[in-house]
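Here are my notes on the model you sent. They go point by point, and each can be checked against the coordinates.

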Amino acid sequence: MTRSQQEPAHGADDATMMRIGQAIMLHRAGDREEARNRLTALWAEAEDSGHLFHRCTIAHYLADTQDDPAEELRWDLRALSAAEALTGERARWPEHRRAVRSLYPALHLSLASDHARLGDEAAARRELGRARGSLAVLADDPHGERLREEIERLAGRLTGGPGPGGYARD
């Protein structure tokens, strides 16, 4: 894969990330369908460009817009696949390598949650362990704290007891 396929110029990168951010804001505001439509269009563009960081980010957030848990799992697996492809030499921009490393806890938490919803507790526990194992990359900030809390809540549900925040197993 050539550099131009892998990573566009920073200006194009910034414009795409802005469009991804707009779709995420739509989803968070409750417009799941429009967010899914925009992210799907962005996915098609990212597939054509081969830009792995965009593919990872889009797939990660596109998973959250799915109605079917199996489809959500498929998108989360695509996000993880793009993240894994981006590690090492294929990511030439250091900020992408750092950003992808910081996505791993959320990627593995998402996969754990997907597996739990689909009734595969062994796979959910495996992914939860991977999420915990990647927490060191997170800053001690509200985002990092929220992910740590979500991991512990899911762990509580998987063990059948209440997790932090009073969540009990579904």
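Is Arg 126 buried, partly exposed or exposed? Arg 126 is partly exposed, because its relative accessible area is 41%. Keep in mind that this is a predicted model. The points below start with the overall fold and come back to this residue.

1. Overall fold. The protein chain has eight helices and zero strands. Read along the sequence, the pattern is α-α-α-α-α-α-α-α. Of the 170 residues in the protein chain, 42% are buried. Take the contacts between residues at least 6 apart in sequence: 57% of them join residues at least 24 apart.

2. Largest nonpolar core. In soluble globular proteins, nonpolar side chains tend to be buried together. Here the largest nonpolar core has 27 residues. Leu 39, Ile 58 and Leu 107 have the most contacts inside this core. Helix 2, helix 3, helix 4, helix 5 (69-86) and helix 6 each supply at least two of its residues. Helix 5 makes the largest share, with eight residues.

3. Ile 58 in detail. Set aside the neighbours within four places in sequence. Ile 58 is then in contact with Ile 20, Leu 39, Leu 42, Trp 43 and Ala 46. Leu 39 is also one of the residues with the most contacts inside the largest core.

4. Second core. A separate core of 13 residues is also there. Its members include Ala 112, Leu 128, Leu 138 and Leu 158.

5. Largest pocket. Its volume is about 620 Å³. Of the 28 lining residues, the closest to the centre are His 60, Asp 64, Ser 110, Arg 146 and Glu 150. Helix 2 (10-28), helix 3 (32-49), helix 4 (52-63), helix 6 (94-117) and helix 8 (142-159) each give two or more residues to the lining. Helix 6 gives the most, with nine residues. By type, the lining divides into ten nonpolar, eight polar and ten charged residues.

6. Salt bridges overall. Side chains of opposite charge can pair when their charged atoms come close. The structure holds 13 salt bridges. Arg 32, Arg 36 and Asp 67 are linked in a network of them.

7. Glu 72 and Arg 117. This pair forms a salt bridge, with the closest N and O atoms 2.8 Å apart. Glu 72 is in helix 5 and Arg 117 is in helix 6, so the bridge links distant parts of the chain, 45 residues apart. Glu 72 is buried, because its relative accessible area is 12%, under the 20% cut-off. Arg 117 is partly exposed, at 45%.

8. Arg 126 and Glu 127. Back to the opening residue. The side chains of Arg 126 and Glu 127 meet in a salt bridge, at 3.9 Å from N to O. Arg 126 is partly exposed, at 41% relative accessible area. Glu 127 counts as buried, because its relative accessibility is 4%.

9. Arg 132 and Glu 152. What is the distance between the closest N and O atoms of this salt bridge? They are 2.9 Å apart. Arg 132 lies in helix 7 (residues 121-133) and Glu 152 in helix 8, so the pair ties together parts that are 20 residues apart in sequence. Arg 132 is partly exposed, with a relative accessible area of 39%. Glu 152 is partly exposed too, at 31%.

Technical notes
Residues are numbered from 1 along each chain as its sequence is written. This is a predicted model: local features need pLDDT of at least 70, side-chain atom pairs count only at pLDDT 80 or more; totals for chains, interfaces and linings use all residues. Side-chain values use heavy atoms; hydrogens and water are left out. On a 1 Å grid over the protein atoms alone, a cavity is a set of points where a 1.4 Å probe fits but cannot get out, and a pocket is an open set with protein on both sides within 12 Å along at least five of seven lines; lining residues have an atom within 4 Å of a point. Grid points are joined across faces, edges and corners, and a volume is the space filled by probe spheres set on the points. Helices (H or I, at least four residues) and strands (E, at least two) are DSSP runs, numbered from the N terminus. Ala, Val, Leu, Ile, Met, Phe, Trp, Tyr, Cys and Pro count as nonpolar, Asp, Glu, Lys and Arg as charged, and the others, Gly among them, as polar. A nonpolar core is a set of buried Ala, Val, Leu, Ile, Met, Phe, Trp, Tyr and Cys residues joined through side-chain atoms within 4.5 Å. Buried means under 20% relative accessible area, exposed over 50%, partly exposed in between (1.4 Å probe, protein chains only). Contact means heavy atoms within 4.5 Å. A salt bridge is a side-chain nitrogen of Lys or Arg within 4 Å of a carboxyl oxygen of Asp or Glu.
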